[in-house]
Amino acid sequence: MSSQSKPIILLSRQEIEATVRRLAAEITKDYRNRNPVLISVLKGSFIFMADLVRLLDFPLEVDFMRLSSYGRSSRTSGKVRVVQDIGSAIKGRDIIVIEDIVDTGLTTSFLLGYLREKNPASLRLSALTEKPSRRKVSVNVDYLGFTVPDKFLVGYGLDWDEKFRYLPDICYVEVE
Ligand code: PRP
C-alpha cells in the first residue's frame, strides 16, 4: 500500500456542515427532553461527534468507545474487539451511537448487540456515512448523513493507515 495517493474531495466541508445540521435537527426533535448518552466510536467519529454535539442545545452526556476490526489494514478482519469500553452505566438510558461510517456493518452490528446487553431504555444509531454496496450484515441507520460509493474514504476523522484524519473534507484515495 502506497501512502502517496492524493486525496480527492468527495464531500466538501460545506456539504458536511449542512448535513450535520440536518442530523442535529432530527436528533433534537426526538431527544430534547430525554437526556441521552451519545456514544462516539473512536477514532473515526471524533470530529463528527464534536461538530454534532455543539449543535445539540439540550441536556445530554457523551461517552466514548474504541473498537477495532481493521487494525492498520484497509480490509476488515471480521473480528471486532472492544479496545476501550464506555465509562458510564447506560441501563435505562436513551443511547445514540455515533459512527463515521457503516461499511460491512460488522463493527456496528457487534456494537449494538454489545450495548443492548447493558439494557438501555432505547438504542439508536447515527452514522455520517454508509456504504451499502459493501454491507455483509444488516444494520439500520436511524440518522444517516450520506450514502457513499464503494471508495476508500479519508478525512473528517476517517483514516488510511492512520493518515488523513485531519482533512476537513471527506475525500477518497485510490487503494491498490
Ligand atoms: C471504521 C469505522 C467504523 C468501522 C466500519 O473503524 O470507524 O467503526 O470501521 O466498518 P464496518 O462496517 O466494515 O465494520 P476502524 O476499525 O477503521 O477504526 P477507526 O475508527 O479507529 O479508524
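The dialogue below turns to charged pairs and then to backbone geometry.

Guide: This is a predicted model, in which local features need pLDDT of at least 70 and side-chain atom pairs count only at pLDDT 80 or more, while totals for chains, interfaces and linings use all residues. Residues are numbered from 1 along each chain as its sequence is written, and side-chain values use heavy atoms, with hydrogens and water left out.

Visitor: How many salt bridges does the count come to?

Guide: Side chains of opposite charge can pair when their charged atoms come close. A salt bridge here is a side-chain nitrogen of Lys or Arg within 4 Å of a carboxyl oxygen of Asp or Glu. The count by this rule is 14.

Visitor: Which residue forms a salt bridge with Asp-30?

Guide: The partner is Arg-124, and the closest N and O atoms are 3.4 Å apart. Asp-30 belongs to helix α1 (residues 13-31) and Arg-124 to strand β6 (residues 122-130), so this pair ties together parts 94 residues apart in sequence. Helices (H or I, at least four residues) and strands (E, at least two) are DSSP runs, numbered from the N terminus.

Visitor: What joins Asp-103 and Arg-134?

Guide: Their side chains meet in a salt bridge of 2.6 Å, N to O. Asp-103 sits in the loop between β5 (94-102) and α3 (106-116), and Arg-134 in the loop between β6 and β7 (143-147), so the pair ties together parts that are 31 residues apart in sequence. Asp-103 is buried at 12% relative accessibility, whereas Arg-134 is partly exposed at 27%.

Visitor: Which residues are linked with Lys-43 in a network of salt bridges?

Guide: Lys-43 is linked with Asp-159, Glu-162 and Arg-165. Lys-43 is placed in the loop between β2 (37-42) and α2 (46-53), and the peptide bond from Leu-42 to Lys-43 is cis, with omega near 0°.

Visitor: What is the phi of Glu-162?

Guide: Glu-162 has a positive phi of about 70°, although it is not a glycine. Glu-162 lies in the loop between β8 (152-154) and β9 (170-173) and is partly exposed at 32% relative accessibility. Phe-164 is found in the loop between β8 and β9; its phi is positive, near 75°, and Phe-164 is buried at 11% relative accessibility.

Definitions and conventions: Buried < 20%, exposed > 50% of the residue type's maximum accessible area, 1.4 Å probe, protein only.
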